[in-house]
Amino acid sequence: NLQQRQVLAAGAVTRGCAVMEAVSDILYSLVARRPQEVASALPSIMQCMSVYLDWLMTVGAQLALLRRHTANTPANNRDTSILDRAIEGARNYGRLLVELSKEKKRFSKYAAHSLLAFVVALDRHPHSWPAVLKDEVVHGIYAVIDTCGKFELQQVHGLLTQSSRPLFQGLVDDFKRSYKYTGEA
């Protein structure tokens with residue numbers, strides 16, 4: 001029944017949020033506070049980021065169910081922290097991408113892969129990316145796009161399917177319009 005699915009989803013997301021908060025704290029500490037060690041750990045960090053992205057898709061797919069569960073819960077028992085924690089998880093993913101992108105020389109090898117993974121996830125699972133999660137991640141994606149050179153962006157474009165290319169182009173256009181300073185007024 002729907003109520004049981006809602007309760008199970010809430011429990012799974014709560015446990016997942018706790019784990020991903022810990023992972024995000026560890027990754028952020030490593031990337032922000034130990035930049036000299038990032039180079040040797042970057043392959044492992046990128047594997048963690050891939051798992052993080054998968055987790056965000058899982059949470060995104062459950063978000064509508066969680067919202068209904070929260071709305072159907074009496075006000076005195078209502079716990080909106082599940083939704084808040086899911087949104088915070090997306091925000092932390094974006095922050096990690098921004099922090100990784102600051103090390104352009106080291107991260108540039110992985111930037112195209114990160115961008116490709118996000119666009120493919122967005123294309124294959126559009127309902128797993130509600131606007132509230134996507135909005136939190138997009139600043140990190142813009143930082144990744146900024147790290148990519150023209151060649152890397154062309155490489156990503158070439159590896160995408162026909163259905164993914166408009167999504168990618170939309171991200172790049174939004175990046176150019178609202179994120180990147182081009183020197184024009």
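Helix axes are lines fitted to C-alpha atoms over the stretch in contact, and angles run from 0 to 180 degrees between N-to-C directions. Helices (H or I, at least four residues) are DSSP runs, numbered from the N terminus. The model is predicted: local features need pLDDT of at least 70, side-chain atom pairs count only at pLDDT 80 or more, and totals for chains, interfaces and linings use all residues. Residues are numbered from 1 along each chain as its sequence is written, and side-chain values use heavy atoms, with hydrogens and water left out.

**Helices H5 and H7**

- The axes of H5 and H7 cross at roughly 90° and come within 10 Å.
- H5 and H7 are therefore roughly perpendicular to each other (angles of 65 to 115 degrees).
- On the H5 side, the contact (heavy atoms within 4.5 Å) is made by Val138, Ile141, Tyr142, Ile145 and Asp146.
- On the H7 side, Leu171, Val172, Asp174, Phe175 and Ser178 take part.
- The residues of this contact divide into seven nonpolar, one polar and two charged (Ala, Val, Leu, Ile, Met, Phe, Trp, Tyr, Cys and Pro count as nonpolar, Asp, Glu, Lys and Arg as charged, and the others, Gly among them, as polar).

**Aromatic pairs**

- A pair of aromatic rings is described by the distance of the centres and the angle of the planes.
- Rings of Phe, Tyr and Trp (its six-membered ring) pair if their centres lie within 6.5 Å; planes under 30 degrees apart count as stacked, over 60 as edge-to-face and the rest as tilted.
- By this rule the model has three aromatic pairs.
- Tyr52 and Tyr93 have ring centres 5.3 Å apart and planes at 65°, so this pair is edge-to-face.
- Tyr52 lies in helix H2 (residues 35-72) and Tyr93 in helix H3 (residues 81-101), so the pair ties together parts 41 residues apart in sequence.
- Tyr52 is buried (under 20% relative accessible area), with a value of 0%, and Tyr93 is buried at 3%.
- Tyr142 and Phe175 have ring centres 6.1 Å apart and planes at 55°, so this pair is tilted.
- Tyr142 lies in helix H5 (residues 131-147) and Phe175 in helix H7 (residues 165-178), so the pair ties together parts 33 residues apart in sequence.
- Tyr142 counts as buried at 8% relative accessibility, and Phe175 is buried at 3%.
- Ring pairs link Tyr52, Trp55 and Tyr93 into a cluster.

**Ser114**

- Ser114 lies in helix H4 (residues 104-124) and is buried, with a relative accessible area of 7%.
- Not counting residues up to four places away in sequence, Ser114 touches Met46, Phe107 and Val144.

Terms used
Helix = DSSP H or I, 4+ residues; strand = E, 2+ residues; numbered from the N terminus. Buried < 20%, exposed > 50% of the residue type's maximum accessible area, 1.4 Å probe, protein only. Parallel < 35°, antiparallel > 145°, perpendicular 65-115°, else oblique.
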